[in-house]
Amino acid sequence: MKGALLLAEGLAKAYPLRGGLFARRSQILAVNGVSVSLNKGETLGLVGESGCGKSTLGRLLLGLEKPDAGCVTFDNEVMPSSKAAAWRRLRARMQLVYQDPLGALDARLSVAEQVGEPLVIHGIGGPAKRKARVLALLALVGLSEQHGARLPHELSGGQRQRVVLARALATSPDLLVCDEPISALDVSIQAQVINLFMDIQQKFGVAMIFISHDLRAIRQISQRIAVMYLGRIVEEGITDDILHAPLHPYTRALVSAVPEVRKPRARRTILAGDPPNPADRPDGCEFHPRCPVAMSTCSNLKPLLLGSGSRGRKVACHLAAANASQPLGAH
Ligand code: SF4
């Protein structure tokens, strides 16, 4: 029976700001009061524009960074400090798949050595068992023993990302946090790598947080989607519900930009301007300067992320109830 593997409540993380135009504000609030949950074997897609706090949230969920506020629970235990031995043990059960496979791999070590590294770190198996496990992991991600003998720069970008995935799977984790795992790949390779992630998920039932700015990728792999804007989750729900009836105006804009999802006569919603500087947030709803349906109240009253209907849907918008009855692209 499935149950919650990961729970996060009220996470907040700020970084000091040194110098610059907004120096007097002194900090950037990268994550602002985020609560999420992930069931065993589930994939949650985390989508939003660059700089919205997705990667910071991923690191907070893994305990790689300490939140300023809030709490993360993994398998019913409060996440230990990353300096504690308990966290290092837990690390075998939760792994990060990096955005840049070349940067994530050591240029001087062979692929096989790097795939086997977590086994050595966590003291899993002896040399013979580790070697067999490395070969099995390489095969799992579509690579051969010959690939294992090479250095990272001797592989293609797609093959390197397969190596990163094989290494992340070495300890049979329960959770993968995948931070933009396809954004550095050619478009022609992205679909193959997404399919590989889906195969792995189905085969091993590993839970995933799949972070991407690309809703096309997210929708393929995720059972649920959380949409982030300026450090907050503004909409959350089952993937089909979000894609076919987005309630938040920001989600509507993201969905309308995906051609295959857009209905034939639906217009694309073009958002005005760029996301505001996180160090200089608008009052009220932080989306209001770009929102095509903003009302006067939106500039001074912050909407809460509230349940909307059934199936676990949540939306942070004063107009959420009205939007629920409007067709996609109506604005
Ligand atoms: Fe737009 Fe207002 Fe909803 Fe914010 S609360 S998304 S500004 S309608």
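**Close-up 1. The crossing of α4 and α5 in this predicted model is right-handed.** The two helices pack at an angle of about 120 degrees, and their axes lie 9 Å apart. α4 and α5 are therefore oblique to each other. On the α4 side, the contact is made by Val111, Ala112, Val115, Gly116, Leu119 and Val120. Arg130, Arg133, Val134, Leu137 and Leu138 supply the α5 side. By class, the residues of this contact divide into eight nonpolar, one polar and two charged.

**Close-up 2. Helix α4 (residues 111–121) packs against helix α7 (residues 157–169).** The angle here is about 30 degrees, with the axes 7 Å apart. Angles under 35 degrees count as roughly parallel, so α4 and α7 are roughly parallel to each other. α4 passes α7 in a right-handed crossing. Val111, Gln114, Val115, Glu117 and Pro118 of α4 make the contact with Val163, Ala166 and Arg167 of α7. Five residues of the contact of α4 with α7 are nonpolar, one is polar and two are charged.

**Close-up 3. Buried residues of α4 and their cover.** Val111, Gln114, Val115, Gly116, Pro118 and Leu119 of α4 are buried. What covers them includes α5 (127–140), α6 (145–148) and α7. An α-helix has 3.6 residues a turn, so residues three or four places apart point the same way. Gly123 follows α4 and has a positive phi, near 65 degrees.

**Close-up 4. The largest nonpolar core holds 59 residues.** Leu165, Leu176, Phe197 and Leu215 touch the most other members. Helix α7 contributes the largest share of this core, six residues. In soluble globular proteins, nonpolar side chains tend to be buried together.

**Close-up 5. The surroundings of Leu215.** Leaving aside neighbours within four places in sequence, Leu215 is in contact with Val47, Ile225 and Leu243, and also with Leu254, Val255 and Val258.

**Close-up 6. Leu96 sits in strand β6 (residues 94–97).** Leu96 is buried, with a relative accessible area of 8%. Not counting residues up to four places away in sequence, Leu96 touches Arg59, Leu62, Leu64, Arg91, Val177 and Asp179. Ser144 is 48 residues from Leu96 in sequence. The C-alpha atoms of Leu96 and Ser144 are 23 Å apart in space.

**Close-up 7. Glu180 lies in the loop between β7 (175–179) and α8 (187–204).** The relative accessible area of Glu180 is 7%. Buried means under 20%, so Glu180 is buried. With neighbours within four places in sequence left aside, the contacts of Glu180 are Lys54, Gln99, Ile211, Ser212 and His213.

**Close-up 8. His318 is found in the loop between β12 (314–315) and α12 (320–323).** At 32% relative accessibility, His318 counts as partly exposed. Leaving aside neighbours within four places in sequence, His318 is in contact with Met295, Thr297, Cys298, Leu301, Lys302 and Pro303. Ala294 is 24 residues from His318 along the chain. Their C-alpha atoms are separated by 9.1 Å.

Terms used. Residues numbered from 1 in each chain as written. Predicted model: local features only at pLDDT ≥ 70, side-chain atom pairs only at ≥ 80, totals over all residues. Heavy atoms only, no water. Axes fitted to C-alpha atoms, helices over the stretch in contact; angles between N-to-C directions. Helix = DSSP H or I, 4+ residues; strand = E, 2+ residues; numbered from the N terminus. Parallel < 35°, antiparallel > 145°, perpendicular 65-115°, else oblique. Left-handed = near helix turned anticlockwise from the far one by under 90°. Contact = heavy atoms within 4.5 Å. Nonpolar A, V, L, I, M, F, W, Y, C, P; charged D, E, K, R; others polar. Core = buried A, V, L, I, M, F, W, Y, C linked by side-chain atoms within 4.5 Å. Buried < 20%, exposed > 50% of the residue type's maximum accessible area, 1.4 Å probe, protein only.
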